[in-house]
Amino acid sequence: MTDFRIGLIDSNEMVRSGRTMIFNSQPNMQVVLEESDPLRAIERAPEYLIDVLLVGPSQFSLRGLGLIELLTKALYEAKNDCAVIAYNAFTSGRNRFDALFWGAQEFIGLDSNASELLGLVHKVTKRDFLVSPSELLKLKNEFGARVTSNHLELKLSELNDVQTKIVELFLLGESDQAIAKQLQLARTRVTQLIHSLIQSAAVTSRNQLALLLLENPA
Amino acid sequence: MIRWILDRNWFSISLYALAIFFSSAGIEILQGNYFGLISSFSVALAVFSSKKSIWFSLLLFPVSSFLITVYSVVPVAAVSALAVAIAVVGGATKGKKPLWLLVSVLASATVISLSLGYSGSLLGGFLGFSASSELVKVNSALFTFALTFFLFLSSWLVGYFLFIREFHIGSNRDMAFNLIRTKKLGLEIAKQNERLEIAKDLSDLLVQRISAVVSVTEGGRYAVASDPDSAKRVLERSYDAGRAAQAELRRLYDYLNSAIISHVASFKIDDLNELAVSFRELGYNTVISSQGQSFRLNEGMELCVYKIVFEALQNVRKHAPIGTEIGVDFLWVEDGLQVLVKDNGIEVSNRVRQSLGEVVGGYDAAEDFDTLVNKFDGATLAALRDRAAIYKGRIDATQVAGVGFTLSAIFPDLKAHSAQVS
């Protein structure tokens, strides 16, 4: 039984091949999509049942961040909630911030080893995955520009006390389940609130929402 | 020496020397002291010789001081003339040999103080005393020494700073030098920037290749554990990836160790007009002309042509005297371009030599033969030839007997090449 269905987007055939060998060697993982053309990837990926999509930096017609942005939007619009992991040749704070800012769930450098990659796949497939808020804040302070969203501001001003508490706990990095348990609510209520805030902010990921809210705490 | 004369470097310093001579000698003559002309002449000679023979000039200052003490009847005026002369020399020598100039000034002040100071003749008139006792004489000598040394030293510093102000701060000449220097640096920066960009692209490729090697090898480690038969395939792929990385590395290595030139720069043929103005400012009458219907060149070609003309102009400036006329002609034909940079440096040289009384005939058979046979070469010319060769161009430098040099750059297929590259 395959637990994780993986997609790979990279024009470098060798890198794809290496990653495929790693994933296919795992009993619970299977590479189901390989694509070298990023524009075709944006068309094809939302139609696939994929848990994690790995997106590389070197593309023929669309490079790096532009691809991440378009891909995450296409996935979001198709209601495909697969996680996107961006990667690049090297691990760096700047690359990680950019990837998260444009909608990826996480970033990993090709200089990281395979066990880290496999561990990350397990982590990001949790539906309420969020990069540690302290790390997000650190990245934002180092690389981020001040970004505001009027719709989000409006939405935040309309929150009641319980909802505000949900947002506060979300920004502390608590999982949806943990928040629901603390506030004695149904988990779906927490998930729905976070989702509506993501919509209001016109972003596609929890990381992006957190990056905005960490600047505009509720 | 001849070049120095041809460039008329003596002109301004001789005017200063004459002015000092006439003012100092005039005062002496008014006093009826014709012997004062000797010290005046010595001071003027010190000024005149300062530009070409600084050691002689520095030696003449103490000598002139001594002559002033012996022959001048108006020592205050003579010492003042000497101070002015030191100021002029301070400027003319551009701050060179400061230690020796200090020694010269010190010696001059000592000579004056030992003679005029000790006797009290220099200060007595001002301060109304006569050197009646030994103590007064010694004090007078010491005071005179301090005063003259301070005066001479100040004169030197004032002259030096006036020179800097005149020639190095915002003067037309200074701006012309700066412009040429800036253009030269700009060319170098453009070239380095382009090299950096290409090296960056190559290193990006290299990073991808190395990443691929690591990725395939790491994937192989996992695959072999579950499927031992895959080892051969993995090794083959790793080998291919490694070879590809090595090839990129080789390209980068070759590139960084070569002298590939820039194809991207901001310099255009039109910028040569500004350069021509600068050369005119420096005394080289530079005229740019164009014949035929020009066509659009890409940036690399514009830079190539600009660089060729720039180096040719620099060469004229290096070898030809001031007053040389330079013609830069662009001859556009249907598919190509010829650039001619001509100068009449030899002709101007000969003309000045004739005006100095030297017998200079027309060019002889030997010179004519040399013109036909000799090939001019050098590092700069070789670099320009390499640059032109990129666009299938050819560069020839020839001497026109009795006239000057001509550099010709011919690009027969520039239009077609421009279309291919852009």
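Biologist: Which residue is the bridge partner of Q338(B) in β5(B)?

Modeller: I410(B) is the bridge partner of Q338(B). Keep in mind that this is a predicted model.

Biologist: How many bridges join β3 to β5 in chain B, and which way do the strands run?

Modeller: There are 6 bridges between β3 (residues 337-343) and β5 (residues 404-411) of chain B. The two strands run antiparallel.

Biologist: What holds strands of a sheet together in pairs?

Modeller: Backbone hydrogen bonds pair them, either parallel or antiparallel.

Biologist: And what's the strand order in the chain B sheet?

Modeller: The order is β1-β2-β3-β5-β4 in chain B. The sheet is open, has 5 strands and its pairing is mixed. At the edges sit β1 (285-291) and β4 (394-400) of chain B, each pairing on one side only. On average, neighbouring strands of this sheet are turned by 10 degrees against each other, ignoring direction.

Biologist: Which helix packs on that sheet?

Modeller: Helix α12 (residues 299-319) of chain B does. This helix touches β1, β2 (325-332), β3, β4 and β5 of chain B. Its direction makes about 10 degrees with that of β3(B).

Biologist: Let's look at another helix. Which residues of α13 in chain B are buried?

Modeller: In α13 (residues 345-355) of chain B, the buried ones are G345(B), I346(B), V348(B) and S349(B). They lie on the same side of α13(B), because they cover an arc of only 165 degrees around the axis.

Biologist: What's exposed on the other side of α13(B)?

Modeller: Q354(B) and S355(B) are exposed there. Just after α13(B) comes G357(B), with a positive phi of about 100 degrees.

Biologist: Where is K392(B)?

Modeller: K392(B) is in the loop between α15 (379-389) and β4 of chain B. It counts as partly exposed, because 14 C-beta neighbours fall inside 10 Å.

Biologist: What about A202(A), what's its phi?

Modeller: The phi of A202(A) is near 55 degrees, a positive value in a residue other than glycine. A202(A) lies in the loop between α10 (187-200) and α11 (206-213) of chain A.

Biologist: Is A202(A) buried or exposed?

Modeller: Exposed, because A202(A) has 12 other C-beta atoms within 10 Å.

Biologist: New topic. How many residues does each chain put into the contact between A and B?

Modeller: Chain B gives 16 residues and chain A gives 14 residues. On the chain B side, α9 (172-226) and α10 (230-256) each supply at least two residues. The largest share of that side, 14 residues, comes from α9(B). The chain B side divides into 8 nonpolar, 6 polar and 2 charged residues.

Biologist: How many residues has the largest nonpolar core?

Modeller: That core has 73 residues, and V52(A) and I85(A) have the most contacts inside it. The helix α9(B) gives the most to this core, with 8 residues.

Biologist: What does V52(A) touch?

Modeller: Leaving out residues up to four places away in sequence, V52(A) touches F4(A), I6(A), C82(A), A83(A), I85(A), V121(A), V124(A) and T125(A).

Biologist: Last one: how many helices does chain B have?

Modeller: Chain B has 16 helices, along with 5 strands. Buried residues make up 35% of its 422 residues.

Conventions
Residues are numbered from 1 along each chain as its sequence is written. Chains are lettered from A and ligands numbered from 1 in the order in which they are written. This is a predicted model: local features need pLDDT of at least 70, side-chain atom pairs count only at pLDDT 80 or more; totals for chains, interfaces and linings use all residues. Two strands pair if DSSP finds at least two bridges between them. Helices (H or I, at least four residues) and strands (E, at least two) are DSSP runs, numbered from the N terminus. Axes are lines fitted to C-alpha atoms, for helices over the stretch in contact, and angles run from 0 to 180 degrees between N-to-C directions. Two residues are in contact if their C-beta atoms, placed from the backbone, lie within 7 Å. Ala, Val, Leu, Ile, Met, Phe, Trp, Tyr, Cys and Pro count as nonpolar, Asp, Glu, Lys and Arg as charged, and the others, Gly among them, as polar. A residue is buried if 20 or more other C-beta atoms lie within 10 Å of its own, exposed if 12 or fewer, and partly exposed in between; C-beta atoms are placed from the backbone. The arc is that of the directions from the helix axis to the C-beta atoms. A nonpolar core is a set of buried Ala, Val, Leu, Ile, Met, Phe, Trp, Tyr and Cys residues joined through C-beta atoms within 7 Å.
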